[in-house]
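Here's a quick walk through the model, from ring pairs to sheet to cores. Keep the viewer open and follow along.

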Amino acid sequence: RSGPGPGRGQRRRRHGPGRDGPGKTHRPAPRDRETAPQQPPTAGSPTPLLEATPTPGLSRPTATPSPTPQPTLQSLTATLAVSPTPSLVPTVAVQSKCSAAEPLRVEESLLLRGLVFGPHFWDENTRTWVEQTWILGQEGFRAPALILDDLEDLGLVDISPNRAWLAYIDFLAEDENSTIMKVKLLNPRTLEEKERVFESRAPLVSFGEWVNDATFLVATTAAGEMYEWILWEPFTDQEQTVTLELTGMGRALEIFHTVPVLDPTLSLVVYPCDRHQCGGAEYQVKSLTTGESLWAIDFQTSDPLRNRPIWSPDGRFLAVFVSEAFNLNHLLQIYDRAGTLVYNLALPKAGISLTWAPDSQRLAFFRTVPDPVEEVVRVLTYLELQDGGIYDLCLTDAAGAYPIVCSPDSTKLAINAQLEYAKNSHALLSIVDIDTGEIVQVYQTEWHRLKGWVKPIGE
């Protein structure tokens with residue numbers, strides 16, 4: 001299942017009939033593709049955020065890697081134990097956190113390690129569209145550290161909160177009433193795999209996701225207001241089925257396509273509500289164990305949309321983007337577990353790609369600001385949870401720049417902007433240091449969607 005890939009990387013390939021026989025041709029390696037000339041650093045350019053020192057070639061993983069210790073639900077419950085909400089001061093005026101130096105344009109950098117991309121391209125050899133997962137190493141796009149090829153129908157759907165496992169979905173059978181699908185989990189550092197087949201009768205608005213480091217969730221039934229999930233613990237080979245009546249949900253799921261969201265401690269669920277059935281509230285929060293309604297979210301607006309709420313990785317905060325269909329003045333609200341509104345930020349037409357840092361101390365998003373040329377631009381911004389500070393990182397959004405992804409150590413953010421709408425549009429990957437504002441950029445001749453950031457391969 002593994003072997004040497006392009007350059008110094010490794011390729012994992014799922015073979016099918018007729019693909020591994022005589023006369024088989026391989027795809028060109030990424031280093032064989034057209035590479036745009038890179039601009040060398042000019043005088044006065046900043047030093048890289050991390051010194052770009054050569055690293056030895058990656059060794060080939062063994063066929064039967066030794067399993068690494070995995071989290072359990074019990075250990076996570078202790079880790080995610082709810083702490084009192086800190087005394088948070090009101091948010092302050094937006095502060096600029098820009099480096100005095102110009103962005104450093106590079107081809108290779110240690111900063112690239114672990115970035116996950118989902119290339120989708122036409123293969124002239126097989127005359128088919130191909131979707132892959134690339135995990136970058138220091139050499140960047142020229143020679144990814146790992147290429148995962150032909151991985152299931154939907155490709156990569158989620159990455160575990162600890163940035164150790166990838167999740168893929170494969171549809172095995174489906175009809176108008178149900179879908180049988182296989183969830184495949186893969187550790188890119190060891191090539192360990194876990195898989196499980198599920199039958200779902202719930203609307204496939206969400207195909208499954210990691211709830212915490214130990215639990216993968218699949219919605220299996222949605223009948224009226226009755227909702228059922230399977231909570232799969234792949235590392236202990238255990239699972240539990242949870243059924244709950246989501247009172248007042250009505251047709252909100254059908255209309256807004258926003259699914260119920262469980263918190264990382266598996267004790268709360270927040271779901272979209274029909275305002276006429278929930279006393280005017282847009283969301284309801286229930287206990288997952290008792291079914292008791294605990295608190296609700298009422299935006300106090302006339303025609304709000306139902307965007308997906310996002311729990312912080314430690315389960316202490318819930319971020320909700322408040323938007324109205326015909327109103328450009330939006331809000332970003334953050335609640336604690338008791339339903340107390342901690343922050344209420346006015347963010348005109350912002351909120352795209354809300355992204356929590358893994359340590360739950362920061363929330364990144366795009367903030368819209370006036371611009372003399374483009375009228376408005378979106379600037380990469382983050383909220384510091386402890387002091388309420390809002391910081392602009394002086395990096396503007398362009399087409400395709402979402403999602404924002406955060407490094408496993410919570411110190412850096414990355415976006416990949418599409419520079420033009422064309423068949424082979426160019427792109428610019430930007431990595432910004434949250435503390436210093438320093439930016440490193442990589443130019444690409446082809447735009448590929450940025451999927452996430454995992455722990456670097458080979459460490």
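## Aromatic pairs

Rings of Phe, Tyr and Trp (its six-membered ring) count as a pair if their centres lie within 6.5 Å; planes under 30 degrees apart are stacked, over 60 edge-to-face, and the rest tilted. Searching the whole structure with that rule turns up 8 aromatic pairs. One of them is Phe198 with Trp232, an edge-to-face pair at 5.9 Å centre to centre with 65 degrees between the planes. Phe198 sits in strand 12 (residues 193–200) and Trp232 in strand 15, so this pair ties together parts that are 34 residues apart in sequence. Both residues are buried, meaning under 20% relative accessible area, where exposed is over 50% and partly exposed is in between (1.4 Å probe, protein chains only). Trp165, Trp210, Phe216 and Phe235 make up one aromatic cluster.

A word on provenance: this is a predicted model, where local features need pLDDT of at least 70, side-chain atom pairs count only at pLDDT 80 or more, and totals for chains, interfaces and linings use all residues. Residues are numbered from 1 along each chain as its sequence is written, and side-chain values use heavy atoms, with hydrogens and water left out.

## An open sheet

Strands here are DSSP runs (E, at least two residues; helices are H or I, at least four), numbered from the N terminus, and two strands pair if DSSP finds at least two bridges between them. With that, 4 strands form an open antiparallel sheet in the order 13-14-15-16. Strand 13 (209–212) and strand 16 are at the edges with a single partner strand each, so one side of each has no neighbour in the sheet. Strands 14 and 15 run antiparallel and are joined by 7 bridges.

## Two nonpolar cores

A nonpolar core is a set of buried Ala, Val, Leu, Ile, Met, Phe, Trp, Tyr and Cys residues joined through side-chain atoms within 4.5 Å. The largest has 22 residues, of which Tyr227, Trp229, Leu246 and Leu262 touch the most other members. Strand 15 gives the most to this core, with 3 residues. Apart from it lies another core of 18 residues, including Ile431 and Leu450.

## Around Ser430

Ser430 belongs to strand 31 (residues 427–433). Is Ser430 buried or exposed? Ser430 is buried, at a relative accessible area of 4%. Its side chain makes a polar contact of 3.0 Å with that of Gln441 (N or O atoms within 3.5 Å; within protein, one able to donate a hydrogen and the other to accept it, and residues adjacent in sequence counting only if both atoms are side-chain atoms).
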